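Hi,

Here is the structure I promised to pass on. Have a look at it first, and then read my notes below.

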Amino acid sequence: MEHERLAQRVGRRLRAARFAAGLTVREAARLAGLPGHTQLVRYENGTAQPPLERLALLATVYGTTPAALLAAHDDAVALIAVIERADEALLHRLLSALG
């Protein structure tokens, strides 16, 4: 995975997030406001990269965050999603625990 292209990594994560959300590619495309499902398939295959606004929308549809989809390491995806959704009090507790 270390040499995996960013588009491929994001595409793989988009597909996994869509599966986890229990959506078909057509349902996800509709919820994301895409005119059809073909572009979403291209994102998932890593042949096209979604613009940041679209990546953010897909992350919302899938219940994750753009930062989690872009993480450098697969093991960090869930952690990044939790941190991104944390309120200020939790963030301060996490920072204290790390520091």
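What follows is a short tour, from the whole chain down to single residues.

First, the ground rules. This is a predicted model, in which local features need pLDDT of at least 70 and side-chain atom pairs count only at pLDDT 80 or more, while totals for chains, interfaces and linings use all residues. Residues are numbered from 1 along each chain as its sequence is written, and side-chain values use heavy atoms, with hydrogens and water left out.

**The whole chain**

The protein has seven helices and zero strands. Helices here are DSSP runs of H or I with at least four residues, strands are E runs of at least two, and the numbering starts at the N terminus. Along the principal axes, the C-alpha atoms fill a box of roughly 45 × 30 × 20 Å. Of the 99 residues, 32% are buried (buried is under 20% relative accessible area, exposed is over 50%, and partly exposed is in between, with a 1.4 Å probe and protein chains only). Taking contacts with a separation of 6 or more, 47% join residues 24 or more positions apart; a contact means heavy atoms within 4.5 Å.

**The core**

The largest nonpolar core has 17 residues, and L14, L40, Y43, L58 and Y62 touch the most other members. By nonpolar core I mean buried Ala, Val, Leu, Ile, Met, Phe, Trp, Tyr and Cys residues joined through side-chain atoms within 4.5 Å. Two or more residues each come from α1 (6-20), α2 (25-31), α3 (38-45) and α4, and α4 gives the largest share, four residues.

Not counting residues up to four places away in sequence, Y62 touches L14, A17, R18, A21, L23, A28, L40 and E44.

**Helix α4**

The buried residues of α4 are L55, L58, A59 and Y62. They sit on the same side of α4, because they cover an arc of only 105 degrees around the axis (the arc is that of the directions from the helix axis to the C-beta atoms). These buried residues pack against α1, α2, α3 and α5. On the face turned away from the buried side, α4 carries the exposed residues E53 and T60. Just after α4 comes G63, with a positive phi of about 75 degrees.

T64 is in the loop between α4 (52-62) and α5 (66-70). T64 counts as buried, at 18% relative accessibility. Neighbours within four places in sequence aside, T64 is in contact with A59, L69, A81 and R85.

**Helix α3 and its partners**

In α3, L40, Y43 and E44 are buried. Their arc, seen down the helix axis, is within 95 degrees, so they line one face of α3. They pack against α1, α2 and α4. After α3 comes G46, whose phi is positive, near 80 degrees.

Two packed helices are described by the angle between their axes and the distance between the axes. The axes are lines fitted to C-alpha atoms, for helices over the stretch in contact, and the angles run from 0 to 180 degrees between N-to-C directions.

For α1 and α3, the angle is about 120 degrees and the axes are 6 Å apart. That makes α1 oblique to α3 (under 35 degrees is roughly parallel, over 145 roughly antiparallel, 65 to 115 roughly perpendicular, and the rest oblique). The contact involves A7, G11, R12, L14, R15 and R18 of α1 and L40, Y43, E44 and N45 of α3.

For α3 and α4, the angle is about 90 degrees, with the axes 13 Å apart; the two helices are therefore roughly perpendicular to each other. This contact is made by L40, Y43 and E44 of α3 with R54, L58 and Y62 of α4.

So which residues does E44 touch, leaving aside its neighbours within four places in sequence? E44 is in contact with G11, R12, L14, R15, R18 and Y62. This residue of helix α3 is buried, with a relative accessible area of 5%.

D87 is in the loop between α6 (77-85) and α7 (88-98). D87 is partly exposed, with a relative accessible area of 48%. The C-alpha atoms of D87 and R5 are 32 Å apart, and the two residues are separated by 82 residues along the chain.

Cheers
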